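Please read them alongside the model.

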Amino acid sequence: MKRLLLIAVAAASLAGPAGAVNPDEQMADPAMEARAHKLSRDLRCVVCQNQSIDDSDAALARDLRIILRERIAAGDTDEQAVAFLVARYGSFVQLQPPMRFDTLALWFGPLAVLLAGGIGAAIYIRGRAPARSATLSAEEEAEVAELLNSDKAG
Amino acid sequence: MRRLLFLAPVVVFVAVLIGFFAGLGRDPTLLPSTMIDKPVPAFSLPPVRPEAQGFATTDLGGEPALVNFYASWCAACRIEHPFLMRLRSQGVTLHGVDWKDEREAGFKWLADRGDPYVRVGHDGSGRTGIDMGVSAVPETFVVDKRGRVRYRHVGAITAEVWEQKLGPMMEKLRAEL
């Protein structure tokens, strides 16, 4: 019984996360199917928005997966196949947004905030009251010398 | 001056807060259309009504029109439908596309509820809708006299939407050359 359970667990752990791709959608050519699969993981489902079309069960996601495969079968490059969908649904469908003028804030916003924060922190730290000077005044030096001398004498 | 610098993070924080708060009220499902100011992609759809004409790109242009995507399985289309009937009675040029639907179901919808459309095409595969960037029904495109898409409305057309947006827009397009 225990062994059976172990085998079951081992078998279950072998299973990778399955996409929503149905067998009837898949392309006959494994290399093309692999390309389509890879591309579809980076394309956003416009119905469920936070899923890729590879993950989504939405009917429209299925249509887009099929269209993607049709484009690849028709000889499109990866870029052309993606561009076909971007032309219809906009850059929003790309889960990896391209670097463009209107996405600069998206790409470099966090860096800009970090820089602004760093500069602010630097100004603040530099602007704080300077640490008390480590050197002693002449009077203090004299006092110290006296103490040391008295020690020797003693 | 140095004292004022301490206020900077507070000012930035308040600005971010205002930005986020404004963002809360926005509908994230509304996406900008890639079709604006572009000609309607070429299509030629078979009719939904038996023995009637289908609906093709060539039916557009000449006068501004609305192209409404609907489906018999669509709940929001039920809400929208009575208003579409009203638009039709006002003489608004309204065409329909039955999107990702059985043709019979799309026709039954019109037979049961009334037919607000001048032309109705059947887009069973959904490809015409996809070419126009339709993500869900109902969706309505405003097409100008030259057959270009000028506006895309996502969701049901209500009296409010018509009075504030689509109606004035159609009026404006009618005045265009």
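**Notes on cavities and helix packing**

1. The second largest cavity has a lining of 6 nonpolar, no polar and 1 charged residues (nonpolar: Ala, Val, Leu, Ile, Met, Phe, Trp, Tyr, Cys and Pro; charged: Asp, Glu, Lys and Arg; polar: the others, Gly among them). Its lining residues are A:L43, A:R44, A:I53, A:L64, A:L85, A:Y89 and A:V93, and its volume is about 30 Å³.

2. This is a predicted model, where local features need pLDDT of at least 70, side-chain atom pairs count only at pLDDT 80 or more, and totals for chains, interfaces and linings use all residues. Residues are numbered from 1 along each chain as its sequence is written, chains are lettered from A in the order in which they are written, and side-chain values use heavy atoms, without hydrogens and water.

3. The structure holds 2 cavities of 30 Å³ or more. A cavity is a set of points on a 1 Å grid over the protein atoms alone where a 1.4 Å probe fits but cannot get out, and lining residues have an atom within 4 Å of a point; a volume is the space filled by probe spheres set on the points, which are joined across faces, edges and corners.

4. The largest cavity, of about 60 Å³, is lined by residues including A:V46, A:R88, A:Y89, B:L31, B:M132 and B:R152. The classes in this lining are 5 nonpolar, 4 polar and 2 charged.

5. In chain A, helix α2 (residues 30-41) packs on helix α3 (residues 59-73) at about 135°, with axes 10 Å apart (helices: DSSP runs of H or I, at least four residues, numbered from the N terminus; axes: lines fitted to C-alpha atoms over the stretch in contact, with angles from 0 to 180 degrees between N-to-C directions). Because of that angle, α2(A) is oblique to α3(A) (under 35 degrees is roughly parallel, over 145 roughly antiparallel, 65 to 115 roughly perpendicular, the rest oblique).

How values were computed: On a 1 Å grid over the protein atoms alone, a cavity is a set of points where a 1.4 Å probe fits but cannot get out, and a pocket is an open set with protein on both sides within 12 Å along at least five of seven lines; lining residues have an atom within 4 Å of a point. Helices (H or I, at least four residues) and strands (E, at least two) are DSSP runs, numbered from the N terminus.
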